[in-house]
Amino acid sequence: MKLVTRFAPSPTGRLHLGHAYAALFAAAQAATPAGRFLLRIEDIDATRCRPEFVDYILEDLAWLGLHWDEGPFHQSQRQEIYAIHFGHLQRAGQLYPCFCTPEALTQSRQQQVAAGQPPRYDGRCARLSPQEASRRLDQGEPAAVRFRVQTAATVAFEDLIRGPQRFETGSIGDFVIRRTDGTPAFFFSNAVDDAEMGITHVLRGEDHLSNTPRQILLLEALQLAIPRYGHLPLITGADGAPLSKRNGSQSLAQLRAAGYLPLALVNYLARLGHHLDAPGLLSIDALAAGF
């Protein structure tokens with residue numbers, strides 16, 4: 001059976017243990033005769049992504065001993081592919097421009113939370129007439145583009161780790177797939193790339209769990225293959241919050257400088273997130289064989 005996984009970091013900073021955790025399990029899952037492990041750099045956001053961090057990502061993965069079979073692919077070089085799929089959705093009438101300002105969206109979310117409702121887009125721009133939307137676009141008013149979500153439906157999938165999952169579309173709301181600057185949003189580019197690259201299994205942190213039903217809806221609308229998803233529990237720091245620069249989590253570069261050995265870190269991460277029958281220090285090949 002063909003099995004293709006990927007690690008898809010954004011080059012906005014140095015990798016930390018949480019990144020290594022996801023990359024390790026994606027590489028381990030693909031370590032079969034028919035498996036492939038891809039590296040994709042999600043570098044669309046030019047304001048936050050920096051070329052030197054791409055070099056650091058490659059350096060950190062090589063230091064850990066995690067070697068990819070294909071890539072690195074760069075999302076910044078795939079704009080034509082996104083435009084093709086965006087056009088499919090547009091011609092099918094599944095997109096509309098959204099002129100709401102960040103301030104208006106924040107106010108709407110606050111009102112919904114205060115009323116005990118799940119925060120989601122209230123659909124105000126979906127109710128604009130085509131003539132009104134065209135007039136505002138012709139006047140140069142900034143607009144994002146939203147995907148119309150069918151109401152009163154259910155998105156269900158079997159999570160590789162968490163088991164059966166069900167999401168009601170009424171709690172999701174229409175979501176942005178293209179920002180006001182014309183760049184594709186994460187939901188869109190990430191899902192399209194997974195399908196275009198033949199990714200069969202996606203392992204990522206459980207903070208992405210709420211993204212999955214949105215991406216399934218997009219892939220269904222585009223008639224593209226949907227991978228199997230597995231959402232890993234997040235590694236947390238001493239404060240109970242997920243690892244990040246904000247709570248002082250050390251990067252892989254800092255751990256390397258402090259004298260930690262890569263195989264020790266890999267074994268530690270493997271045993272945090274997975275039961276291994278074999279005791280002691282294991283090679284990466286042995287860890288993958290026991291995954």
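Where in the fold is the place of Thr 212?

Modeller: Thr 212 has its place in helix H7. The model is a predicted one, so local features are taken only at pLDDT of at least 70 and side-chain atom pairs only at pLDDT 80 or more, whereas totals for chains, interfaces and linings use all residues. Residues are numbered from 1 along each chain as its sequence is written, and side-chain values use heavy atoms, with hydrogens and water left out. The mean pLDDT, the predictor's confidence in each residue on a scale from 0 to 100, is 93 for the protein, and 99% of its residues reach 70 or more. Helices (H or I, at least four residues) and strands (E, at least two) are DSSP runs, numbered from the N terminus.

Thr 212 counts as buried because its relative accessibility is 0%; buried means under 20% relative accessible area, exposed over 50%, and partly exposed in between, with a 1.4 Å probe and protein chains only. When neighbours within four places in sequence are set aside, Thr 212 is in contact (heavy atoms within 4.5 Å) with Phe 157, Arg 204, Tyr 229 and His 231.

Helix H7 (residues 211-222) packs against helix H6 (residues 186-196): their axes come within 9 Å and cross at roughly 60 degrees. H6 is therefore oblique to H7. Axes here are lines fitted to C-alpha atoms, for helices over the stretch in contact, and angles run from 0 to 180 degrees between N-to-C directions. Angles under 35 degrees count as roughly parallel, over 145 as roughly antiparallel, 65 to 115 as roughly perpendicular, and the rest as oblique. H6 passes H7 in a right-handed crossing; a crossing is right-handed if the near helix is turned clockwise from the far one by less than a right angle, and left-handed if anticlockwise. On the H6 side, the contact is made by Phe 186, Phe 187, Phe 188, Asn 190, Ala 191, Val 192 and Ala 195. Asn 211, Arg 214, Gln 215, Leu 218, Leu 219 and Leu 222 make it from H7.

H6 itself is mostly covered, with nine of its 11 residues buried. These are Phe 187, Phe 188, Ser 189, Asn 190, Ala 191, Val 192, Asp 193, Asp 194 and Ala 195. The cover over them includes S1, S2, H3, strand S8 (175-178), S9 and H7. Just after H6, Gly 198 takes a positive phi of about 70 degrees.

A further partner of H7 is helix H3 (residues 79-91), whose axis comes within 10 Å of that of H7 at a crossing of roughly 80 degrees. This makes H3 roughly perpendicular to H7. His 85, His 88 and Leu 89 of H3 meet Leu 218, Ala 221 and Leu 222 of H7. Leu 218 and Leu 222 also belong to the contact with H6.

The phi of Gln 223 is near 55 degrees, a positive value in a residue other than glycine. Gln 223 counts as exposed because its relative accessibility is 74%.

Strand S9 (residues 201-205), part of the cover of H6, contains His 201. His 201 counts as buried because its relative accessibility is 6%. Not counting residues up to four places away in sequence, His 201 touches Met 1, Leu 3, Val 4, Thr 5, Arg 6, Gln 29, Leu 160, Pro 227 and Arg 228. The C-alpha atoms of His 201 and Ala 30 are separated by 8.9 Å, although these residues are 171 apart along the chain.

For the wider setting, a nonpolar core is a set of buried Ala, Val, Leu, Ile, Met, Phe, Trp, Tyr and Cys residues joined through side-chain atoms within 4.5 Å. Of the 35 residues in the largest such core, Phe 7, Leu 17, Leu 61, Leu 64, Leu 66, Leu 252 and Leu 269 touch the most other members. The largest share of this core, nine residues, comes from H1. A second, separate core of 31 residues includes Phe 86, Phe 188, Val 202 and Tyr 229. Of these, Phe 188 takes part in the contact of H6 with H7, and Tyr 229 is among the partners of Thr 212.
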